[in-house]
Every structure is written in structure tokens, then in C-alpha cells.
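Subject: Structure handover

Hi,

Here is the structure I promised to pass on to you. Please have a look at it first, and then read on for what turned up.

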Amino acid sequence: MTSQQAKKLLLKKLGKRIRDLRKRKNFSQYIMAKKCDMDYGSYSNIENGKRNVTVFTLQRITKAHKISFSELFNF
């Protein structure tokens with residue numbers, strides 16, 4: 001696996017984890033985007049593994065879900 005493929009795979013796994021957490025709370029992407037103080041398109045791209053995420057964005061996501069960073073990366 002190339003480095004680029006590994007990066008894409010990690011983004012997909014992280015996006016799936018974030019989506020699964022959101023679905024457990026029965027929230028739409030739109031509601032979670034608002035809770036994270038993000039626009040809908042950016043949030044959707046994260047869940048779909050199409051956007052590289054900054055630490056600051058991850059912090060907003062973990063805060064909205066009321067989980068720790070280690071819980072977020074438990075996949």
C-alpha cells in the first residue's frame with residue numbers, strides 16, 4: 001500500500017467513525033455541523049473521508065459528541 005492510499009484509508013475510517021457516532025445520537029449531518037460550528041458541506045466531506053481534518057476541527061467534533069480524542073480514534 002502506498003503512502004497516499006494509506007492516507008485515504010485513514011480518512012475513510014475516521015469519517016466512518018464520526019458518522020457512526022452521529023447516527024448513534026440520531027442526529028442529521030446538518031445538526032452535527034451546527035453543533036460543531038461548521039458548514040454542512042465541510043462536515044459531510046469529513047464523514048465521507050474527502051477532507052483532511054485539522055486538530056482544531058477534531059476538537060470541535062469531540063466536544064459536540066462529548067467524547068475524548070482517544071474515544072474518537074477507537075476504530
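A word on terms before the count: a helix here is a DSSP run of H or I with at least four residues, and a strand is a run of E with at least two, numbered from the N terminus. Please also keep in mind that this is a predicted model. On those terms the chain has 5 helices and 0 strands, and along the sequence the pattern reads α-α-α-α-α. The radius of gyration is 12 Å, close to the 11 Å that the globule rule gives for 75 residues, so the chain is as compact as a globular protein of that length. The C-alpha trace spans about 35 × 25 × 20 Å along its principal axes.

Of the 75 residues, 35% count as buried. Among contacts with a separation of 6 or more, 53% are between residues 24 or more positions apart.

Now to helix α4, which covers residues 55-65. Which of its residues are buried? They are Thr57, Leu58, Ile61, Thr62, Ala64 and His65. Viewed down the axis of α4, these buried residues fall within an arc of 160°, so they line one face of the helix. As for partners, the buried residues of α4 pack against α1 (3-24), α2 (29-35), α3 (40-47) and α5 (69-72). After α4 comes lysine 66, with a positive phi near 60°.

Histidine 65 counts as buried because its relative accessibility is 3%, and the cut-off for buried is under 20%. Leaving aside residues up to four places away in sequence, histidine 65 touches Ile18, Leu21, Arg22, Lys25, Met32 and Tyr43.

Finally, the pocket, in case you want to set up a grid there. The largest pocket has a volume of about 170 Å³. Its lining consists of Lys7, Leu10, Leu11, Leu14, Asn52, Val53, Leu58 and Phe73. Which helix gives the largest share of that lining? It is α1, with 4 residues. By type, the lining residues divide into 6 nonpolar, 1 polar and 1 charged.

Best wishes

Key:
Residues numbered from 1 in each chain as written. Predicted model: local features only at pLDDT ≥ 70, side-chain atom pairs only at ≥ 80, totals over all residues. Heavy atoms only, no water. Buried < 20%, exposed > 50% of the residue type's maximum accessible area, 1.4 Å probe, protein only. Arc of directions from axis to C-beta. Contact = heavy atoms within 4.5 Å. 1 Å grid on protein atoms, 1.4 Å probe; cavity = no way out; pocket = protein on both sides within 12 Å on 5 of 7 lines; lining within 4 Å. Points joined across faces, edges and corners; volume = space filled by probe spheres on them. Nonpolar A, V, L, I, M, F, W, Y, C, P; charged D, E, K, R; others polar. Rg over C-alpha atoms; globule rule 2.2 N^0.38 Å.
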